[in-house]
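Q: I'd like a close look at one part of this structure: its aromatic rings and the residues around them. Please take me through it step by step.

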Amino acid sequence: MENEKAQSLFADEKFLRLLEAAPDAMILVDHSGAIVLVNSQTESLFSYKRHELIGSKVELLVPERFRKNHPVHRVGYMETAGVRPMGMGLNLFGLRADGSEFPVEISLSPIDTEEGRFIIAAVRDVAARRQAEEMFRGLLESAPDAMVIVDRLGKIRLVNSQTEAVFGYSREELIGERLEKLVPERYGEIHPKHRTSYFEEPRVRRMGGGLELFARRKDGSEFPVEISLSPLETEDGILVNAAIRDVSEMRRTEAIARMAEELKRSNAELEQFAYVASHDLQEPLRAVAGSVQMLQLRYEDKLDERANEFITHAVEGATRMQSLLNDLLTYSRVGTRGQTFAPTDFNKVVKAVTDDLAVAVRENNAVIRAAELPTLPADEVQMIQLFQNLIANAIKFKGDNAPQIQVGAEDCGRHWQFSIEDNGIGIDVQYADRVFVIFQRLHTRKEYPGTGIGLAICKRIVDRHNGKIWFESNENKGTTFFFTLPKSEQV
Amino acid sequence: MTLQKSPHILQVEDSQADALMTREALQDSDMSCRISIVEDGVEALEFLNQRGKYKSSEPPDLILLDLNMPRKNGRELLAELKAHPKFRSIPVIVLTTSRAVEDIASAYDLHANCYIIKPVDFLSYSETIRAIQAFWLSIVTLGEQ
């Protein structure tokens, strides 16, 4: 009854048209909370027919869980009435006829009449906006970079959790603060100017125009960053999103890459040096040796014994120097010319070496025995070189008896330990460190010829394979050389 | 085949000591043989093309080629010779101090006829030269130049 009276109060054609023209669902409620009037947007938004709504309490449109408290708020608003959004900062929901909920924004305004105070509620479905917001937030959070959204005044409006992690501030410590909080102090003056000029002409671009940029953590420490800026058009005007990437790791990697490049270059230079040794240094040597020998041949009958001795020394010297140069070249190439590691069957390696040394074996009545050996990742050519040097040494430095050489291998978990045992003259252990040094010899050339490169090459090969090499020896009883090789390339 | 002038070797060699040793070695040989020596690849091409001071040069039956030389080195010359319709049939013996595997591989890759590392002492060098001479100029039947 009362409702009808109220309706007649608002039966004015112009008022009703106005109501229909509104984009939102408009609901007119009387002091008791009963619905007096709705527009057709209300019908479609809540899926009720107009006659189902008129006269019902407005709580019909409020989800069950809020229903109990709603009348209290309603009455409260009746008393203090002013135009304002409802539920300040809270997430509000509407309830459809089918029981489904949807997020809403509601704006309230009082209408005072001779029949008392009415409230008009404009209800807007904000599901789409909420979704967009959530997507935006999701996007923000999923970005790998720290994202800082700033307004024209340089106040931080929004940050993602990466920002917290990277800068060491909590969100609360940043929102509403000046962006310069994140900028090293020495840029404190220039930064706001750049910021202002960016707002003059906002477009997606990298910040700093190729300069190295730095950011400041909460603890005051600085770190190198890359920053990309993009404008965001919002209801509050233009905001700017700064995507900030910590590039410390990248800079470190770059530095390492530069060092590696440098090392590669110096290795190449060393290689060049080795090549020079192999050719350019040998040319003049050949000229000396060749000319002296020609002198000897052509003028033999005109020279005396002493002259011939001089010539012999000159030729020997030049020849020896040449083998030193060749050995130096071989030594330098262990590092620079090594092959990539591939599974290498050491039974085959030892077989190849024994075949190669067949003549020396026969001449010295040597016996080479090999246990079952493993297959390991290695540079096969270098492994042959390694065994060849060690076994050839075992034959060369034989004792009074015919050489007996035993090749073995032991599984030590992460690596294999190989051994080459002989019954030769042995090595005085006081030379333990020196034997692996390039051109280090323990005997006169008359006793044992050679440049002293063999074990140095062995050590370099084993080093390159991340292994260790050493020996145990009893003078006049024999020597055992040991070396290890890891089972996998990664150590 | 007609009986003709003694065979002609062109040695491309910038080391005068080596050039001298070659001459000396050939002197000791029973075979008669002529040798011409040029110092680098540029001169070698002038020689072969009978240009400049080599206007009256005779085409060689065999080329002894050093690898490392000024201006045009042995590899460059070898590549040019083996791409040349006329010169590619002349056997080229690379005679060098280099034992670098890349040098050996690249020489054969460029169709060197063989690769010989120069022995250090004169006696071995001399033997090598005479062996080359015996094989390439006596045992081998070469095409007409």
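A: Let's start with the term we need: rings of Phe, Tyr and Trp (for Trp, its six-membered ring) form a pair when their centres lie within 6.5 Å, and a pair is stacked if the planes are under 30 degrees apart, edge-to-face if over 60, and tilted for the rest. Keep in mind that this is a predicted model, where local features need pLDDT of at least 70, side-chain atom pairs count only at pLDDT 80 or more, and totals for chains, interfaces and linings use all residues. Residues are numbered from 1 along each chain as its sequence is written, chains are lettered from A and ligands numbered from 1 in the order in which they are written, and side-chain values use heavy atoms, with hydrogens and water left out.

Now to the rings themselves. In chain A, one aromatic cluster is made by A:Phe346, A:Phe387, A:Phe418 and A:Phe483. Across all chains, a search of the whole structure turns up 14 aromatic pairs. One of them joins A:Phe66 and A:Phe93, and this pair is stacked, with 6.5 Å from centre to centre and 0 degrees between the planes.

A charge sits over a ring if NZ of Lys or CZ of Arg is within 6 Å of the ring centre and within 35 degrees of the ring normal. Elsewhere in chain A, the face of A:Tyr331 has A:Arg460 over it, at 4.7 Å from the ring centre.

To place all this in the chain, note that chain A is divided into domain 1 (2-125), domain 2 (130-246), domain 3 (252-335) and domain 4 (339-486), with bounds from an automatic or database domain assignment. Taken over C-alpha atoms, the centres of domain 1 and domain 3 of chain A are 102 Å apart.
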